[in-house]
Protein chains: 4
Amino acid sequence: MIKVGIIGATGYTGVELLRLLAPRTDVEISVVTSRELMGTDVHSRFPNLRGHVDLQFSPADSELLNQCDVVFYATPHAVAMNSVAGLLSNGVRVIDLSADFRIQNIPLWEQWYNTQHVCPDLVATAVYGLPEVNREAIKTAQLIAVPGCYPTAIQLGFLPLLENGLVQSSRLIADAKSGVSGAGRKAVEDYLLCEATESIRAYGISGHRHHPEICESLNRYSETEIKLTFIPHLTPMIRGILATLYAPVKSGVEVSIAQLQDVFEQRYANEPFVDVLPQGEVPATRNVKGSNKCQVSVAYSADTDTVVVLSAEDNLVKGAAGQAIQNMNIMFGLEETTGLQNIALLP
Amino acid sequence: MIKVGIIGATGYTGVELLRLLAPRTDVEISVVTSRELMGTDVHSRFPNLRGHVDLQFSPADSELLNQCDVVFYATPHAVAMNSVAGLLSNGVRVIDLSADFRIQNIPLWEQWYNTQHVCPDLVATAVYGLPEVNREAIKTAQLIAVPGCYPTAIQLGFLPLLENGLVQSSRLIADAKSGVSGAGRKAVEDYLLCEATESIRAYGISGHRHHPEICESLNRYSETEIKLTFIPHLTPMIRGILATLYAPVKSGVEVSIAQLQDVFEQRYANEPFVDVLPQGEVPATRNVKGSNKCQVSVAYSADTDTVVVLSAEDNLVKGAAGQAIQNMNIMFGLEETTGLQNIALLP
Amino acid sequence: MIKVGIIGATGYTGVELLRLLAPRTDVEISVVTSRELMGTDVHSRFPNLRGHVDLQFSPADSELLNQCDVVFYATPHAVAMNSVAGLLSNGVRVIDLSADFRIQNIPLWEQWYNTQHVCPDLVATAVYGLPEVNREAIKTAQLIAVPGCYPTAIQLGFLPLLENGLVQSSRLIADAKSGVSGAGRKAVEDYLLCEATESIRAYGISGHRHHPEICESLNRYSETEIKLTFIPHLTPMIRGILATLYAPVKSGVEVSIAQLQDVFEQRYANEPFVDVLPQGEVPATRNVKGSNKCQVSVAYSADTDTVVVLSAEDNLVKGAAGQAIQNMNIMFGLEETTGLQNIALLP
Amino acid sequence: MIKVGIIGATGYTGVELLRLLAPRTDVEISVVTSRELMGTDVHSRFPNLRGHVDLQFSPADSELLNQCDVVFYATPHAVAMNSVAGLLSNGVRVIDLSADFRIQNIPLWEQWYNTQHVCPDLVATAVYGLPEVNREAIKTAQLIAVPGCYPTAIQLGFLPLLENGLVQSSRLIADAKSGVSGAGRKAVEDYLLCEATESIRAYGISGHRHHPEICESLNRYSETEIKLTFIPHLTPMIRGILATLYAPVKSGVEVSIAQLQDVFEQRYANEPFVDVLPQGEVPATRNVKGSNKCQVSVAYSADTDTVVVLSAEDNLVKGAAGQAIQNMNIMFGLEETTGLQNIALLP
């Protein structure tokens, strides 16, 4: 029985962790913390958990956390970095869903998050929790930085192209569309139904915090330097990210659609949560709603000699809570798919 | 291992049956039929099933159906009645999600469905599959008529009041709001996104087919005759039914909110899928999205001496596929909640 | 040229007033105030007004207000009552879209709004701005209380029945469904897209502030006392209210559907903004989106001897800004429909 | 008084033409045709037109068409080409909202529309109705081909860059997001609310009919050949197109954001319906819902030396009916903005 703690479980990644962990018989949810809601029933915050989770929120510094086997942080950035060291020193493994340990380049992190990092040494020990590239390191990791939602969808789309040196790494474009849940459960005017539904718009044009994370990670798998134009869009739906990726074919390289399809299928042949679609089919975010799957398809525009990749995930599952649990499964030597086999809710 | 067949699994109740049954280790999906799609992959119709269901659609008269332990009909009305007899005579138990066996009054059924019933004798043997009132009969039933989506939500709301003789049964009002999936996956103009979203309207003002079903069923639990005004509304969302029920208190009866709360809590104390909310809380369809739960709350308007009940369910789960499987579990002596414990997807 | 001021024009009724008034050649928008946004461009708050409204927000106490012919209050409750007297004494006519002058019974108002009223004397002089019943009084009014969004839809539905003494006034039910814009443009968690879309729920079960307003107003037109069960519902859409009204026929009265239809058609024959639909058609909120129309239909459930009325409006137009302007037109002797003839946006 | 006919006014562009034309005092809607609905009231098809349009649908070959000053075709492709010649020979000017006259390269048209063109000679005389580039030719045109919805948004975004030779014309990318109304009011399963809401997906990956139209048109304004990757996306909303455009800066050219902003502002300084947003602001489709405006913003990604343009319009107005009427105004010597000044409906 794995004893689990969740810190800051009052938002959408929090409820997803609980939805996915509560039914498991090999996991015990020991403690769920919230600064603001301590003492209240977890299911009063999330009525879908009535009858499934009977805990109350504990204070943020609950001593129970130290008795856990693993603790998930579902907090905003710059929270986890303040208390991770204590947990690790008590032998508690940590899976951080926030941004605190995602970027190895500390000055870059500090610039984008406008905060001084309090434990740069720990960042160096953190494992970037994208199982499709880091599975071995995850097994023994004490501290996991779960990738952001955009970075997951975008990396899974570009990886086969970069690993095989097929495209110009300096001319990448990621046009990404995210549901509103990516903004979290915060009372902010922009995300009111009346502001966000029946409309689409870009945001973060001058720069988005996931940009340096994506570039740093992709650079590990590319021989040439990554340069990326990344434009995220707020899309009128709750869940889902669709990343439409454009990459010009590298000069001197010739590609065919059959070859591209083959490259993708081989790359992900053994990946339980990356589903390469048959040629001609395209992913839709509804196909993965509530599931840990990332659906990917590849196309080739001969006219412009450009590869177009489509990558769809549920931002709260493969883009957050599901991927975190996938990491946990790997860390504890469980079947990687345990508790993550639920089928997307369609329609 | 229970061998299961599904007839007509190309609509929304079909995909829900598959979503809920595919992960089970005690069930084998033997055959899935479709007149139009025979020979094609089931997951080409429902991409959320990729990697979970590897069957192809079989012809409607597949011989494999006769080798099943149980067959679900997910067909329009007036289909099941033509072939149920054959299956039953082969010892196959039948769970019909359509309307063919829901109404015992055959002339009434024929009037509302504008069709001659071909097997009225079988109707007499069918068990109305609402476990909260018919659990014992379901255990040994050969043929189950799964209640309609509106009838489930409305009956579960009225039952405690009628069984206890608290309200005037001749002045019931059910104002019900349904998501668009209740209309099925049919290419009909009225259900296009551009016609149905960002708007709400009533329909079936002159009469809805679920009206006689509700009245016939409620009459079994009421000493005085049921008269019901039932107004369904098309609501701009995919899933969910919220029934707002109004019942004037019976003349000479006095009620208090505490007593009403108590009546509801006692009635459903042992029901795994009916969740009576604490006083002051109200159900929302999002709280049960994808789950087999029906959330119910009761209130009392002293001014008009009227009881107001709110009842919310997922029309495709507790209102269709989930309830059908709940019946199957009871019929086969399994734990009633097997495979139906999944938590609602929120947000 | 009518000089107009708008106080508190940062919410949805504010932008609707501007949308409807800006194109008019007989109206000059002199001043638009906002405590928080003073000094900023109005169109930076409402990008749809770019090129149409070139004003900046003025301070709340702008001296320009006293130079207006008419001032609209688009403020929360308990704001207008503090400054209306000053404007009136300067000869400025006032149209208040908030609740401050809607209820003549001051103690009742104070109880529901949990505030002491600072100018009960002015309340006595205020005219309730529902043109369909108060047109004459509106012509000479100095102070208009624009009805709430629910009260407008509900009163227009019940009026023909009550004026003709056809129904039991003590057993009225109003089951109303409102889009989320009724909650205003406030950063409140409940109205986030992720909380409010793809779900429907009731609210205000223990009492809603529009209840006393509706009852007080309807009592003016009913010989017997009004008792009303009023259940509002938060509906997953931006705009629109659909009120489904239930009224038992008065004992000893006989009604037919033809007669009911006639009663409604005659009552509203000369009303430019109440559209009685032909028998068999039902209103939908999409049919009136952005327009000042209220669509009404009437039906009769013989089984339960109950009249069912459906009433649909755009809560921000006929339920707020449009109705306010309709009042202004009447007050200033203009054609009542001036500037309010725009056709609903469909789809 | 301009006598207007509308052919095939049963879809969404049809109702938009009627919404925009009906209030005008300088236009008389003489005849509205429909093959399927002839003889029925126009407002029974479009309830928003009740009280505004009192016509009935006429047969498709109504003689009244020949007495019009101008006839709009709101038909599917390959309809207009069969009857335009007759109207023109009677001196009736024609504004075709379909694709029949948009592409001068007849073999290319025939390939994409899989149809033989019956009047290639007329195509040569048709004027492409994008006023921002063709205003002079429109004035005297007898036959207008109104641009497609995607081509309008995309051309208005790329034009300033191409006319000034700033970008590599062979590496253009248009990632476009369209509301579902772009698919028309057709009973097709893919566009059901339950299929299209709460999801986003690309489509037309292997080629979209607007691609050759865009390229042919842009080539007129570019010194070097246009090559374009165009990926349209079905977005879960009714109205609106947002085109996110990517163009690498031409080798040897240096750009700055200030210069780009200036280029756009100068290009559209006198265009009433193209609104260049201030630096740092981005368009949203909600800002133009129901209006004839196209909002455009420009940004520069120094890292990848790429210009990013965002262009938003209402696909049914500036992308169809509004633009058609803008053409009519120009053709008949009216103020170009007549009847098109309505403000977007927000929220």
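Chain C of this predicted model holds an open sheet of 6 strands in the order β2-β1-β3-β4-β6-β5, with parallel pairing. Strands pair if DSSP finds at least two bridges between them. Strands (E, at least two residues) and helices (H or I, at least four) are DSSP runs, numbered from the N terminus. β2 (27–33) and β5 (127–128) of chain C stand at the edges with a single partner strand each, so one side of each is left without a neighbour in the sheet. For β5(C), the partner is β6 (residues 143–145) of chain C; the two run parallel and are joined by 2 bridges. In one of these pairs, C:Y128 has C:A145 in β6(C) as its bridge partner.

Residues are numbered from 1 along each chain as its sequence is written, and chains are lettered from A, and ligands numbered from 1, in the order in which they are written. Local features need pLDDT of at least 70 and side-chain atom pairs count only at pLDDT 80 or more, whereas totals for chains, interfaces and linings use all residues.

Two helices of chain C meet this sheet. Helix α1 (residues 12–21) of chain C packs on the sheet and touches β1 (2–7), β2 and β3 (70–73) of chain C, its direction making about 160 degrees with that of β1(C). Helix α11 (residues 317–331) of chain C lies across β3, β4 (93–96) and β6 of chain C, at about 155 degrees to β4(C). Such angles run from 0 to 180 degrees between N-to-C directions, and axes are lines fitted to C-alpha atoms, for helices over the stretch in contact. Contact between two residues means that their C-beta atoms, placed from the backbone, lie within 7 Å.

The two helices also pack on each other: α1(C) and α11(C) have axes 9 Å apart and an angle of about 45 degrees. That makes α1(C) oblique to α11(C); angles under 35 degrees count as roughly parallel, over 145 as roughly antiparallel, 65 to 115 as roughly perpendicular and the rest as oblique. From α1(C), C:T13, C:E16, C:L17, C:L20 and C:L21 meet residues of α11(C) that include C:V317, C:A320 and C:I325. The residues of this contact divide into 8 nonpolar, 2 polar and 1 charged. Here Ala, Val, Leu, Ile, Met, Phe, Trp, Tyr, Cys and Pro count as nonpolar, Asp, Glu, Lys and Arg as charged, and the others, Gly among them, as polar.

Chain D also has an open sheet of 6 strands, in the order β2-β1-β3-β4-β6-β5 with parallel pairing. Its edge strands are β2 (27–33) and β5 (127–128) of chain D, each pairing on one side only. In β6(D), D:I144 is the bridge partner of D:V127.

Next come the contacts between chains. Chain A has 40 residues in contact with 40 residues of chain D. The largest share of the chain A side, 4 residues, comes from β10(A). By class, that side has 21 nonpolar, 10 polar and 9 charged residues.

How are chains B and D related? The same surface serves both copies, as 100% of the contact residues of chain B recur in chain D.
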